[in-house]
Each structure stands twice: as structure tokens, then as C-alpha cells.
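Please take a moment with the sequence and the structure shown here before reading on.

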Amino acid sequence: MQDLSPKAVEGLVRSLERARAEGSNDPHFELILTVSAQMLRQFQPSEAESRAWRLRQGQVQRKFFQPLDEFLVTEFLPNKQEGRIHRDVLDRVWTWLGRDLLPSDVKKVLDLALRPKVSDDKLDLLVSNLRRTALDAMSNALHQIDRSDKERRRLSIEVGGERGIADLKDINKIFGAEDWLMPLLQVVPETLNEKKFRADTSILRIVQRCSERFPDHVPVVAVALMERADSPSDLACFAGRLANTTDAKLISASRFAPFIDVVLSEAERLNMLAQEHRKHNPDPVAFSTALSDYHNLVKGLEQDLEFSHSSTWHKRLSETKREISASVTSELQNAMAAVRRSLQVPKTDAAGNLKIDSASIDEAVRALRTAVMVRNGSETFAVNDVGKRTRQVIEQTLEIVTRSLISDLSKQPDQDVAAHLSAVDTAIMLSDIYFGGDYSAQLKRSRQTALEKQRTAPKGPEFPFKPETLQISVAE
């Protein structure tokens, strides 16, 4: 048995256990199973070794894909944008490389990575060489799928369909451009402000030269610049400067059209992010933040370009507007109920602790922040009628209920002050979100006045006077 491989021993154990389950009584079963178990324990690394191997493998994988860092997106975009790679495809590609395309090369690097004498610099060199080898292998595989439908179907299964193949092509393109693309990105500042895109000539000249030498890589450069932009919509003005025109139709026919495509892709990503936050993120601020980012991007785009001159771009932008406006409408329709629930005076449990409805308060915060966002961005969100009606009701309700809560605070008995004060503080916080700091400051002063009045008000006797009690005592 010493000559058997681990897989052979595992197969033997499964066969013996199956035979025993079927009723076989061979007296040597237990002896063979015991020896097999001992051998398998020798084959298997310790938990510490397994953990170290997994950590090192993860490190090698991250180093391998490091040139892609600025091109990865977490969201699965509705339209594939060249140069933007879905992050989840990396695990698929790594598995495909290690199992099918370059099994011996990947294993060799992983084995060397586990050796203590292999420094990080040495590992970087090993991974870089592996990436160059993988580039040739991936290029050949992509060439094969253009010639064979069978190979295309096989690769499609491995990397996640046609979208996965498109992402693989982007990976291959970026790896192929690593020698000039990475030095170029090192020259470009980590953050690019409005001036860099609208007035500065240094970035403009770099992109112009790059587009002349590597016209097929303009989308990749556009993605990298957008990732570093303070305001992604500035790329629309930059595209006009590159194409020497502000006409969207002419820009769309130029080699600099990908700069607009990339910004529209970002609008689609922000739309998806907003939908995801609204459905699944309990953070009451996340949805309105995504709305704000979307609004700022679209506002900047439409200020720089007239999209009606390009039907394709106009259609893409209109679709995201329609989807995000529908979500905002649903949010506004629920706003008033959320605000009313949040302003209820909380009850107390058996131990005397306040049962604060945090979920309703968070829902009200999100609804009010959305209402404010819509009020300030009516040109982006097509919800004018719903928004106007909702704001009117919110304003009336917030003002009336908050004033009423503050007024009643001074009349509360001591045992009810904490609960009532909790509702007052919630109302002031919501008013601050909707009306602003000046108005909420006035409410805070009114709150303090009411609280002092309650504290200094004369308190009744601990046992209230009852005439019938006095009559009984006199009779006695």
C-alpha cells in the first residue's frame, strides 16, 4: 500500500466502505481501513500548512491580476463597457489557467511561493513571468474561439458566458499593453480635478499621442482616467477637446467616443448601485448618496453635451433616468408613512427600557434625504408631480408634529419624559435633514425651554388627594 497515491488510497477506502455497507464481512476490512486512514493523515498537510498555502495562493493570484486594479467593477453592468472588467471573472480565469491552460506553470509558481527563502521581490518576478506566459496562452485561446464554435462554447462555460469572454479579452489587452500602459499611468496624477480635463494640456497631449500609437486601447485609457477623476462627467468636456468639437454626433464618430461611453457606463453603474442600496442596504444614507452621485454625473454630462444629437447615447442615458426615477417615485410614495411611524412616542418594555423603532427611523431618514435630493435635482429625476405632493405633506407633517411634541414635553410627568424626549429628538433630527440647520437650531432651543419648564413645574403629591379617603378617615 505504500506505493499507492493519495487518490488511490481514497478510492480504496470508498470501495471498502461501500462493500461493508452492502454486508461483506471480510475480516481484513478493519485492518486495511486503519492503515489507509494513517496513510491519508500523512498525505494531508496540517491545518497551519493548509492555511499558509491558501494565503500564499491568494497573494499570488492578487499579484497576477494587479495590473487590472483600476479596471475592475463589482457591479454586473447592463452593457459591457470595454476596459471595465467584472471582478468575479478573475476567480474563473485563475481556475481556468491553473487547471486547463497552464497547470504546470501555475503550480510551479505556487510551490516556489511557499518556500521561505523566496522573497517578495523574487515572487513579483515569478508572477510577472507567469503573466507573460499566460498572455501568450490566452491570446492563442482567444484566437481559437474565433475559428471554432466548439472551443468558444467550452471557453464560455469556463469564464461565464459571452460577457466572461469579453472580460477575458480586456484582461488580455491590458496584460499585452503592460509595458507601456503601466508607465503611462505612473505619469498621470492619482487624482484628476476639473482643471486637468478642461484647461490643462499635459494630459491632453499624453492621450493624443497614445491614441495615435495605440488606437485600439483608447477605451482602456478612458477607464483609467475616469477612475482617477474627481468628477467623471469632466471626461465629456475632455472628449470634446480631444475631438476638437462639442457636437455629440461628431464626437461619437471619432476615435475618442469611448470617453463618453465610459461615463455613460458609470451612470449605469451608479443606477445599479442605487437600486442595490435601496433594496438591500440598511444604511439610511447609502441610497441618497448614490442618487447624489448619479445626479452630479448626469448634470455635468448634460451641461457639456447635447445628447439628443446622438441617438445611441441619448437612449442609454434615458434608460438609466427612467429606472432611477421609478425607484425614487416608489421611495417618495412611502415617505409619509415612514415619517409618521418614526415620530411615534416609543413604548417601554417590562424592564422600563425604551422600545425605539430604529428601522422606522432609518426608513424616514432615507425617505427625507431622497426628497431633498429630488428637490435639488428636479432636472435629473422625472418625478415632479409626486415630488411636489410629497414635499408639501412632509413639510406640513414635520412642522406640526414637531411643534406639538415640543409643546407637550413640558406637560409630561417625570416617568414619561424620556420616551417623549426621544420622539422630540427624532423629530428635530428629521427636521435638520429636510429644513436645514437653522430651523433645527430653533427647535433645539424650544426643546431646551420646554424641558426646563417641565423640570421646574410644581409636582403633585406622591399620593393624589381623594375626597372619599378623607371622608372615611373622619368617620373613623
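In which helix is Lys63 found? Lys63 belongs to helix α3, which covers residues 47-64, where helices (H or I, at least four residues) and strands (E, at least two) are DSSP runs numbered from the N terminus. This is a predicted model, in which local features need pLDDT of at least 70 and side-chain atom pairs count only at pLDDT 80 or more, while totals for chains, interfaces and linings use all residues. Residues are numbered from 1 along each chain as its sequence is written, and side-chain values use heavy atoms, with hydrogens and water left out.

With a relative accessible area of 16%, Lys63 is buried, a word that stands for under 20% relative accessible area, with exposed meaning over 50% and partly exposed in between (1.4 Å probe, protein chains only). Not counting residues up to four places away in sequence, Lys63 touches Leu123, Asp124, Val127 and Arg131, a contact being heavy atoms within 4.5 Å.

Another charged residue (Asp, Glu, Lys and Arg count as charged; Ala, Val, Leu, Ile, Met, Phe, Trp, Tyr, Cys and Pro as nonpolar; the others, Gly among them, as polar) is Arg447, found in helix α22, residues 437-456. Arg447 is buried, its relative accessible area being 17%, and when neighbours within four places in sequence are left aside, Arg447 is in contact with Ile406, Leu409, Leu421, Val424, Asp425 and Ile428.

Is Asn244 buried or exposed? Asn244, in the loop between α13 (234-243) and α14 (248-252), counts as exposed because its relative accessibility is 70%. Its phi is near 60°, a positive value in a residue other than glycine. Most residues other than glycine have a negative phi.

The pairs of helices can be followed next. The axes of helix α19 (residues 358-376) and helix α20 (residues 384-409) come within 11 Å and cross at roughly 130°, the axes being lines fitted to C-alpha atoms, for helices over the stretch in contact, with angles that run from 0 to 180 degrees between N-to-C directions. α19 and α20 are therefore oblique to each other, since angles under 35 degrees count as roughly parallel, over 145 as roughly antiparallel, 65 to 115 as roughly perpendicular and the rest as oblique. Leu368, Ala371, Val374 and Arg375 of α19 make the contact with Arg391, Ile394 and Leu398 of α20, and these residues divide into five nonpolar, no polar and two charged.

Helix α20 also meets helix α17 (residues 311-333), the two axes coming within 10 Å and crossing at roughly 25°, so that α17 and α20 are roughly parallel to each other. Here the contact is made by Thr329, Leu332 and Gln333 of α17 and by Val386, Gly387 and Thr390 of α20, and its residues divide into two nonpolar, four polar and no charged.

For the protein as a whole, there are 23 helices and four strands, and buried residues make up 44% of the 476 residues. Of the contacts with a separation of 6 or more, 74% are accounted for by residues 24 or more positions apart. The average pLDDT, the predictor's confidence in each residue from 0 to 100, is 88, and 86% of the residues score at least 70. Over residues 462-476, however, the pLDDT is below 50, and beyond near neighbours in sequence this stretch has one contact in the model.
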